[in-house]
Amino acid sequence: MTDKFLYEELDAVSKMGFLKKEIPDYLKDNLHPKYELRPYQEEAFARFFHCLDNNFPGKDWPLHFLFNMATGSGKTLIMAGLILYLYEKGYRNFLFFVNSTNIIEKTKENFLNPLSFKFLFSENMQFGTNRVAVTPVANFEGTSENDINICFTTIQKLHSDLTTEKENALTYEDFKDKKIALLADEAHHINTRTKAQKEMFKSWENTVERIFKQNEDNLLLEFTATLDYTHQNIVDKYINKALYRYDLRQFRNDGYSKDVYIVQADFEEKDRILQALILSQYKQEVAAKNRINLKPVILFKAQRTIAQSKENKDNFHKLIETLAEDDIERIHSKSDIPLVQRAFDFFKNNRINSKQLAERLRKEFDESRCISVNEEKEKEYQQILLNTLEDKDNRIRAIFAVQKLNEGWDVLNLFDIVRCYTTRDSKAGKPGKTTIAEAQLIGRGARYFPFVTNEHNDRYRRKYDNNLSYEMRVLEELHYHSINDSRYISELRTALIEEGMMDEREINRELKLKDTFKETDFYKHGLIYLNERVRNNYQYVKSFSDIGVTKRNYEHKLASGRGISGALLAGNGNTGTIAESGRKDIKVKKISRHIVYNAIARNHFFTFKRVNKYFPHITSLRQFIESDDYLGGLEITFQGDASEIFNLSNKAQLDAMMGLLDQIESELKKNIKEYKGTKNFRLDRVSSVFSDKVLKLLEGSERANGDEQFVSDKGWYVFNANYGTGEEKAFVRMLDRQIEALKKKYDGIYLIRNERHFKIYSFSDGQAFEPDFVLFLREKNGDMLTYQIFIEPKGKHLKEHDKWKQYFLKEITEKYEGKTLEFKTEKKTQKYRLVGVPFYNNEDENEFKQSLYEVIEN
């Protein structure tokens, strides 16, 4: 037995590149198109595929795996993908169980309701030529062999049904002759026997294990964000079963959650609430200004009792009813919190005065837009509202709660939590149970609200970690409002660090343009040329070959249905005669049109809308079928018994056409580029592209050292610091040694580090690239020619991975070789030449210098 967890072994396999990360098309195509798999989700799938198909130390049947993944990481989407994968492997019956009725109902919405905005499957699921439905079942008797059959139950009901005879309920007999995949959500709840360290024949865990072991082909897949790695019995149970650990700390550090900030104020509760409301409205106004549809929600958390929560709600409504301009002004003058002052600056700049703000808050937080989630009698209606908070028809802005919001609460637009009490329950300076529960609530509330901007297309990740002072950064933050109690804040921070929602190593650093640079003519009037990313309109595609679809024949083997067992039993030493095999090529245009139309109708990729998108010169499906540039120019090679080849059935021709279309679809998906980078570069002003920023860095990391002392007296280095990697710092020092030589020919030398100030886009597929530096060199000879040189220092270990960037830099140089971009004004003409140079690497420094001098001396 290995002393490492399975996930640790797989970490090593993945890092070394031995883990195949290819996700089957049928899995991606049968998930809802709005869900794009994230890298860590693809990693989870790859690990499961690998462990299902390969042996490893400790592998045991029936197979049992655990996914330990953070709250908000999309565990239910991974479940949906695994269901699709297992369907292809022959599984038809799935048992989903969890400890909470709320999660059952939420998961049913995810799996069964196409009208839900959280529905996970494609509306028309298809495997090959077969349409497949997801069907809820009470048990596995008489289930459809064509459908995905899912029995949804709580672990409590499952345990009860199997230990007490009931009509139509699940029984152990259900699990004997069928292979079933068991999906356990919030799986840490079923470890009662393991944690108790004794045999418990009537435990939930025992029930699950007994079901699981009814059939060696069964699968048990557990999902949890919480696994106790300090408990030896848990370690022993999962050491060869935990195939992925992607915890909240990693999830947050990868940018998939909001960042958490504690807003502490020496205010009475009324003013702390009002300050939170102002910040909530600030977020809504920022989103609206940037054309993002956001309704930020605020949670008011009571300490212990429903009566306390009810009192909070009553007091809140009184506050809102009497809210006036003077109340807003009071917060404006009292609060010295920078975030609050930024909010008031925003209101002023956007002409929202205190009277208007008070009016908006009264309307937005009217009693009809507030909900209490404490009363059992209203639970069903409340649950619908809670689970659809992001819905455009859901008007709820404020929630009042005690303890109801726990596992399974899935909300993206919670941006503020107000702690409506001042007590603390620490012991010996350590966080108490209440503080730990608060940290866990914050972790659940910190799910990222997805949005895109013109500059940032990854809708699910934070975009402004490198620009903390940017206006839209507030849409990436969860604010927890508390009294200013240093001991409590310290305990909460400790709990949040333990939970993974804060990193004690994080530090903020100011990146500023030097004042001397701001005074230069280059800063005031200089230009930078950048290209843009645009959607590919495919107007250049006038045939299959233009988009990379080969004209090779598709080979289709006919299934004869015959065998040779009779010959083997003849007993005369002869093995009999196998029917003669033949081949025949048939053009698609010679196949009956109704067969071709039927094949196209069965393949959900080849809708006319999609055909017209990728082949815009096609005006009808008939043209697509008959034209030699498209299907009409392709042939199918039929192979099989000669007697059948020359008398092809309609079914054989339909199957062959389906296979040909699958082949074309596969080639198209490999070659389709949804975007491209423009080859013409537009001009922008240096002063509008480069600005001061506040960066978030890790203390002690190579980036945290800004090399301030070295760059401070370098007039050609425009920022006050260089928060780059060691390779980037080495490049700056190398350039420093070239400055004297460069000054002989150039009188304007400026090196600007690109701290996410701009992107350029690959010509071929529009992939975004942020070169680490741009170097400007202005010639002395009076022509005012300025070289704009994109530079990317790169460690040797990353060269292969990022070779597309080096190719793109080469393309830029070739495109603009000998060409000058001119910008004319009444006073002067500015001339620019764009250059991309090969990667800089410290070990191959001389090679880079030679490349640099070659391009600027030509």
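In which loop is Arg756 found? In this predicted model, Arg756 belongs to the loop between β25 and β26 (760-761), and its phi is near 60 degrees, a positive value in a residue other than glycine. With a relative accessibility of 36%, Arg756 counts as partly exposed. A second residue of this kind is Asp707, whose phi is near 55 degrees, again positive in a residue other than glycine; Asp707 is found in the loop between β24 (693-698) and α28, and because its relative accessibility is 12%, below the 20% limit, it counts as buried. Most residues other than glycine have a negative phi, and most peptide bonds are trans. A cis bond is present here as well, from Trp61 to Pro62, with omega near -10 degrees, and Pro62 has its place in the loop between α3 (39-53) and β1 (63-69).

Helix α29 (residues 726-736) has eight of its 11 residues buried, so it is largely enclosed by the rest of the structure.

Other helices can be followed through the way they pack in pairs. Two packed helices are described by the angle between their axes and the distance between the axes. For helix α11 (residues 269-289) and helix α14 (residues 338-349), the angle is about 50 degrees and the axes are 10 Å apart, which means that α11 is oblique to α14. The crossing of α11 past α14 is left-handed. On the α11 side, the contact is made by Gln275, Ile278, Leu279, Tyr282, Glu285, Val286 and Lys289, which meet Leu339, Val340, Arg342, Ala343, Phe344, Phe346 and Phe347 of α14; by class, this contact has 10 nonpolar, one polar and three charged residues.

Helix α17 (residues 433-445) and helix α18 (residues 486-499) pack at an angle of about 55 degrees, and their axes lie 9 Å apart, so α17 is oblique to α18. Here α17 passes α18 in a right-handed crossing. Thr435, Ile436, Glu438, Ala439, Gln440 and Ile442 of α17 meet Tyr488, Glu491, Leu492, Ala495, Leu496 and Glu499 of α18, and the residues of this contact divide into seven nonpolar, two polar and three charged.

Phe681 lies in the loop between β22 (675-677) and β23 (682-685), while Tyr816 lies in the loop between α32 (803-815) and β30 (821-824), 135 residues apart. Phe681 is buried, with a relative accessible area of 8%, and Tyr816, at 5% relative accessibility, counts as buried too. Elsewhere, ring pairs link Tyr538, Tyr540, Phe544, Phe605, Phe606, Tyr614, Phe615, Phe624 and Tyr630 into a cluster.

Notes:
Residues are numbered from 1 along each chain as its sequence is written. This is a predicted model: local features need pLDDT of at least 70, side-chain atom pairs count only at pLDDT 80 or more; totals for chains, interfaces and linings use all residues. Side-chain values use heavy atoms; hydrogens and water are left out. Axes are lines fitted to C-alpha atoms, for helices over the stretch in contact, and angles run from 0 to 180 degrees between N-to-C directions. Helices (H or I, at least four residues) and strands (E, at least two) are DSSP runs, numbered from the N terminus. Angles under 35 degrees count as roughly parallel, over 145 as roughly antiparallel, 65 to 115 as roughly perpendicular and the rest as oblique. A crossing is left-handed if the near helix is turned anticlockwise from the far one by less than a right angle, and right-handed if clockwise. Contact means heavy atoms within 4.5 Å. Ala, Val, Leu, Ile, Met, Phe, Trp, Tyr, Cys and Pro count as nonpolar, Asp, Glu, Lys and Arg as charged, and the others, Gly among them, as polar. Buried means under 20% relative accessible area, exposed over 50%, partly exposed in between (1.4 Å probe, protein chains only). Rings of Phe, Tyr and Trp (its six-membered ring) pair if their centres lie within 6.5 Å; planes under 30 degrees apart count as stacked, over 60 as edge-to-face and the rest as tilted.
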